[in-house]
Amino acid sequence: IPYTADHDIDFMKITPAHAVTAEEFLSFGSTYDADYFGASTSFSIDNSPLDLRKQHDSYAHNVAKLVESKEFDIIHAHDWLTFRAGLAAKQVSSKPLVLHVHATQYDQSGGGHGNPIAREIEQQAFMIADHIFAVSQHTKNVIVNQYGIPADKIHVVHNSMEIEESEIDESETVHAYLEAMKSHGYKVVTNIGRMTIQKGLTHLIETAAKVVAKNPKVLFLIAGGGEQKEELIRLAAEKRISQNVIFEGWVAGKSLRDSFRIGNVFVMPSVSEPFGLTPLEAIGFGSPVIVSKQSGVSEVLKNCFKVDFWDTDKLADTILSICEHESLERTMWQNSYQEYLNQSWIEPTRKMKDKFHEIHEARV
């Protein structure tokens, strides 16, 4: 990470890119611009996208310098932000490089090409890596079909979610207005996440218009932020459903937890979702969920409704069914909650450790 901090972790050593605190680092507004780790750092305030390649060159250089003095067996890099550093480490050390793909430019651009610099880094890294972890079969298919990488090079390791009991806060909700409306027979549909083309929220607004036309006592709570926020607000106004759609903005802590808790159903209509943890969070906080078939989480959840992101008619009918039948809402959540309780990071980490050993032994 780019700054120093007390992580209180006793099983690993974390080396910062810069000998500054997080507060000092953020005040400069740039990333990874040091000659080497531990050196005095000179910062640039240039935040323009044109500086992206320079910043990645600097970060990769720093990592390459660091690994020259370290003993290790495997290089493990996550997503395009660290792929070039991983490639540099592999070039210096000749150690096997394992990539972990949580999202691709194909996903983040909603099925498009994405940022050309990031796409180029992904393509190069996928080709050179010794092995790739993908967070879902959906992600593996993207890497194979969109980047031309052999399938036998990619190992699926699904994400998981574990919510501590201490996080289940049953105290008075911050959503007093929605709580009051629910006491008058209203139902609440929630969505929490980034407002980007990847998340399919224009389809959700179109769906909301169809739902409200049949049942005006359904409210939609959309929490988060992103470049599509203004577009979504305008679309809700054009559909004449502004009174039924609440845009909450970014949420965290109790506000985030209460936003999950207040919903009668959680909807994730993503166009291309590598995994999607928010449905598991929603289940953990008490809501049944509807997810797009174009998501990784749909591979591990059986007791949820699954629809194509573009099928707004089916999505509207499914939302209406849950909102109008409390027994369906209750049964779907109870069954999905049992699945949720069986979720654990133990199995994913075991798979990764087994693969690490396999790769290492093949090199010995």
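Guide: Start with contacts, which means heavy atoms within 4.5 Å. Among contacts in the protein between residues at least 6 apart in sequence, 64% join residues at least 24 apart.

Visitor: What should I know about the model and the numbering?

Guide: This is a predicted model, in which local features need pLDDT of at least 70, side-chain atom pairs count only at pLDDT 80 or more, and totals for chains, interfaces and linings use all residues. Residues are numbered from 1 along each chain as its sequence is written, and side-chain values use heavy atoms, with hydrogens and water left out.

Visitor: How many helices and strands are there, and what makes a run count as one?

Guide: The protein has 14 helices and ten strands. Both are DSSP runs, numbered from the N terminus: helices are H or I with at least four residues, strands are E with at least two.

Visitor: What makes a residue buried or exposed?

Guide: Buried means under 20% relative accessible area, exposed over 50%, and partly exposed in between, with a 1.4 Å probe and protein chains only. Of the 364 residues of the protein, 49% count as buried.

Visitor: Why is S58 called buried?

Guide: S58 has a relative accessible area of 12%. That is under the cut-off, so S58 is buried. S58 is found in helix α2, residues 52-67. S58 and A85 are 27 residues apart in sequence, yet 9.1 Å apart in space, C-alpha to C-alpha.

Visitor: D79 and S94 both have positive phi. Which of them is buried and which is exposed?

Guide: D79, in helix α3 (residues 79-93), has a relative accessibility of 17%, so D79 counts as buried. Its phi is near 60°. S94 sits in the loop between α3 and β2 (97-101). Its relative accessible area is 52%, so S94 is exposed. Its phi is about 65°.

Visitor: Why is V157 called buried, and what does V157 touch?

Guide: The relative accessible area of V157 is 3%, so V157 is buried. V157 lies in the loop between β4 (154-156) and α7 (176-183). Leaving aside neighbours within four places in sequence, V157 is in contact with F133, A134, V135, P348, K351 and M352. V157 and M352 are 195 residues apart in sequence and 7.5 Å apart in space, C-alpha to C-alpha.

Visitor: How do you know that α8 is largely enclosed?

Guide: Ten of the 14 residues of α8 are buried, so the rest of the structure largely encloses this helix. Among them are L201, H203, I205 and V212. The buried residues pack against β5 (187-192), β6 (218-223), α9 (229-238), β7 (245-249), β8 (265-268) and α12 (312-324).

Visitor: What span is expected of α8, and what does it reach?

Guide: The expected span is 1.5 Å times one less than the number of residues. For α8, residues 201-214, that is 20 Å, and the helix reaches 20 Å from its first C-alpha to its last.
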